[in-house]
Amino acid sequence: MPNVFFNRKNIILAIVVLGLLFFLSGPRLPIQLSFTFYLMLWITMAISFNIIYGYTGYLPFGYVAFYGVGSYLTAVLWSRLGIPIILSILMGGGGGILLSLLFAGTLRLRGIYFAIVNFSCAMALRILIANLPEEITGGSFGIHLSTIYNPQFSYYIMLGVMILSIITLWRVSISRLGIALRCIRDDAQAAEVMGINIAKTRLKAWVLAAFFPSLAGGIDAWFSGIIDPASSFNLLITTKAIVYAMFGGLGTITGPIVGAIGLYTLDHIIWGRYPLLNLLILGIMISLLVLFFPRGIIGTLTRKYPSLRKVIL
Amino acid sequence: MGNLLLQAILSGILLGMIYGLIGAGLNIIYGVMRVVNFAHGEFLMIAAYMVYWFSVLYKIDPLSSLLVIIPLFFLAGMIIYHLIVPRLLKSEDPEMASFLTFYGISMIITALVLIVWGADPRGLRFPYATPSLRVGTLYISTGRAIHFVFSSIIALALVLFLYRTYLGKAIRAIIQNRDAVKIVGIDPNKISSVAFGIGLMLVGMTGALIPLTFPGITPGMGASYTLVAFVVIVLGGLGNPMGSIIGGLIFGLTENISTLFLPLALSPVISFFMLILIIMIRPQGFLGGTSS
């Protein structure tokens, strides 16, 4: 007879409820609000990065472009056109989708070519935005959004986006799309023979992976109250998304969450005390992960104990 | 205008030679073992810092410090090869794995230089009596001229090495077909470690000479050279070391001539646009090469 209390469904439910309770009570917890906010932001970034890199093997090294475009569109629409902030954030997400469609042609490249071209696109975009007239993007000084500063409201919007991104990854992972993506990643030719439309399937993952960081960028602009080209298009944003997703386990649902929680907490403590060490530690981490721990926590666990696959996805 | 254009062409050729050598080092490493050395610019930065310290502490000029830097970088390349590459080649996607690993290494190098020597730019004291030379109606700085002469010598030596020596021919053979070379009795591992050493030696030499042309040395300077190296090898064909030299010249000329027409702030965009355009239109490079 199966155990009534400690079965798979109840354990997952308990973890989900506990997690939700933690984030819902965020503003009341004796923890800095910015810590919980950025924890959610990084979970969202790692989750959506996983949709593209974990499920298709495509490494968008200029991933930060989506975050940057989202934050810039939001700030420009709100400050120059007076569009309400929530609507601006949504339009920033829409801008991210448009950008992903604009970059869609690069998906026919492979491996290192795709990574380098994507990186170049992001950097070119950064320079172009920094050189637009100051009346639009505020030049290299950026845009202030401090008059609508509302940490609690933006916190809960971020929570909503994070939950949406997790549900999306979960639905994708168990759907036909998820299976098709994994097939393409493992053997593109065989997948094509089975009747999978490779270009269309990849594009779906690409658009989904672009949508969430753009939203996150917009919300971050609202939460922090200021944006500028250097920080909105900082390559370290891509780096962190890669490191967090990889540490937890690429190609899994729980991996990016576990990775982001574990490493962002660590990052927060170190960054606060020794800012200079952050770059060094990120660099050491990414090299060591790739060389010695490419499957991450969840990937290694499920490989060692296959029965765990029933409990963690 | 005519004079400005001539001046731009002259600078383009001088810089193009340097860019070409930076690309050639990256390209040999990529061609022989499909390792994407994203820390290429950071190795160059280390060499530039070494030259700076040699000059400040021991009053040694950049050209003499090559005597130390060449063997040192060659050795460092062999050591890095043995520490990292065999493990990389075992991973599921070696190309991406190498790219991420070396990206991590580039961050480590930058961070260490920042911690040890600080973020302030360092300037090499100009080591020559006359600041510039006159060629007809044009002027070039003495540093650049010397730099160009040495770059040309290095490029010539590289051609002779790759086409006239056994080791160089073996390297080219591995680039063409890694499996077939085993049949003729070449050990790919041994050659690969030498190739990594030569790749780093090339970047070490260019890095040591860079202060002659661009005197400012900063911890963050590496990234832009890595980018230049990528543009150059994509232009000349991935896995085609000699194509890099020509790719470098093309890039140097384009970059310098375009500055006549574009605002200065936009000049970095040129390299990005060239990179995107070439890869999208002709990923095997304009001069062919072994593209996978």
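In this predicted model, the largest nonpolar core holds 189 residues, of which Leu59(A), Phe61(A), Phe99(B), Ile171(B) and Phe196(B) touch the most other members. Helix 2 of chain A, residues 33–56, supplies the largest share of this core, with 17 residues.

Phe99(B) has contacts in both chains. Residues up to four places away in sequence aside, Phe99(B) touches Leu59(A), Phe61(A), Ile112(A), Ala115(A) and Ile116(A), together with Val36(B) and Phe38(B).

Within chain B, helix 5 (residues 142–164) and helix 8 (residues 188–213) have axes that come within 8 Å and cross at roughly 165°. Angles over 145 degrees count as roughly antiparallel, and helix 5 of chain B is therefore roughly antiparallel to helix 8 of chain B. Their crossing is left-handed. Among the residues that make the contact are Phe150(B), Ile154(B), Leu158(B) and Phe161(B) from helix 5 of chain B, and Ile198(B), Leu202(B), Met205(B) and Leu209(B) from helix 8 of chain B. By class, this contact has eleven nonpolar, four polar and one charged residues.

Another residue of chain B, Tyr225(B), lies in helix 9, which spans residues 222–236. Its relative accessible area is 10%, so Tyr225(B) is buried, the cut-off being under 20%. Apart from neighbours within four places in sequence, Tyr225(B) is in contact with Ile22(B), Gly41(B), Leu44(B), Ile210(B) and Phe214(B). One of these, Ile210(B), also takes part in the contact of helix 8 with helix 5 in chain B. Between the C-alpha atoms of Tyr225(B) and Phe73(B), which are 152 residues apart along the chain, the separation is 17 Å.

How values were computed
Residues numbered from 1 in each chain as written. Chains lettered and ligands numbered in written order. Predicted model: local features only at pLDDT ≥ 70, side-chain atom pairs only at ≥ 80, totals over all residues. Heavy atoms only, no water. Core = buried A, V, L, I, M, F, W, Y, C linked by side-chain atoms within 4.5 Å. Buried < 20%, exposed > 50% of the residue type's maximum accessible area, 1.4 Å probe, protein only. Helix = DSSP H or I, 4+ residues; strand = E, 2+ residues; numbered from the N terminus. Contact = heavy atoms within 4.5 Å. Axes fitted to C-alpha atoms, helices over the stretch in contact; angles between N-to-C directions. Parallel < 35°, antiparallel > 145°, perpendicular 65-115°, else oblique. Left-handed = near helix turned anticlockwise from the far one by under 90°. Nonpolar A, V, L, I, M, F, W, Y, C, P; charged D, E, K, R; others polar.
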